[in-house]
Amino acid sequence: MKEKKMKNLTEMSNEELWELFPIVLCGHKEEWKQMYENEKKLLLHLIGRDQVVRISHIGSTAVKGLLAKPTIDILLEIEEHCELKQLIRGLEKKGYIYVKKPGNPPPHMMFMKGYTLQGFAKRVYHLHVRYPGDWDELYFRDYLERHREAAEEYGKLKIGLQKKYEHDRDAYTRAKTDFVRECTKKARKELGDIYRPEGEK
């Protein structure tokens, strides 16, 4: 009798992935900042500083004191002449899994590291690769850093949603959308277009 071949992560359904990688929240850890800095150095060395417009720590792990999934979210903005196939190959050699995101802005790419068939590794990263832009994530991060009451409210919201959607990442993300949009709108009003790339109208 043939032994059933174990699926790799790219062959799994969303339901199987959500079961293996549930929504996990924990208190803020000081090591997250250093994890980001270490990965930033690796990425700059791998891709080349001349190919990178801006690299930013985003998401809840970037906000001091905020409850978060222990996943380091990184926004990597690349030059439009960056060779994408070479970028993908290089990142995959460093343990990243390439995920196409056709519904996202060009170049429609996300990479994940720290996901294994046994569950989460000790260090988990989400790398969001885009061309330069005035991205909402930067404003939302800054708003939570500037407004502690909003950060606390966001933490409470996530606790409730984690209990409800522990094994449904899409529903968990959708349920946060209104709060995120409202804070981002306020941040843009407060801060102006501080993250708009030079020359962009």
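## Burial and cysteines

Buried means under 20% relative accessible area, exposed over 50%, and partly exposed in between, computed with a 1.4 Å probe on protein chains only. Cys26 counts as buried because its relative accessibility is 17%, and Cys82 is buried at 8%.

This is a predicted model, in which local features need pLDDT of at least 70 and side-chain atom pairs count only at pLDDT 80 or more, while totals for chains, interfaces and linings use all residues. Residues are numbered from 1 along each chain as its sequence is written, and side-chain values use heavy atoms, with hydrogens and water left out. With a disulfide defined as a pair of cysteine sulfur atoms within 2.5 Å, the count is zero.

## Aromatic pairs

Rings of Phe, Tyr and Trp (its six-membered ring) pair if their centres lie within 6.5 Å; planes under 30 degrees apart count as stacked, over 60 as edge-to-face and the rest as tilted. The structure holds eight aromatic pairs. In one of them, the rings of Phe140 and Tyr154 have centres 5.2 Å apart and planes at 85°, so the pair is edge-to-face. Phe140 belongs to helix 4 (residues 136–146) and Tyr154 to helix 5 (residues 148–164), so the contact ties together parts 14 residues apart in sequence. Helices (H or I, at least four residues) and strands (E, at least two) are DSSP runs, numbered from the N terminus.

Tyr154 also pairs with Phe179: the centres are 5.2 Å apart and the planes at 5°, so this pair is stacked. It links helix 5 to helix 6 (residues 169–191), across 25 residues. Tyr154 is buried at 4% relative accessible area, and Phe179 is buried at 15%. Elsewhere, Phe21, Tyr115 and Phe120 form one aromatic cluster.

## Salt bridges

A salt bridge is a side-chain nitrogen of Lys or Arg within 4 Å of a carboxyl oxygen of Asp or Glu. The whole structure has nine salt bridges. One of them joins Glu39 and Lys113, at 2.6 Å from N to O. This pair links helix 2 (residues 31–47), which holds Glu39, to strand 4 (residues 109–116), which holds Lys113, 74 residues apart. Both Glu39 and Lys113 are buried.

Asp134 and Arg188 meet in another salt bridge, at 2.7 Å from N to O. Asp134 is buried at 16%, whereas Arg188 is partly exposed at 25%. Together with Asp136, Asp134 and Arg188 are linked in a network of salt bridges.
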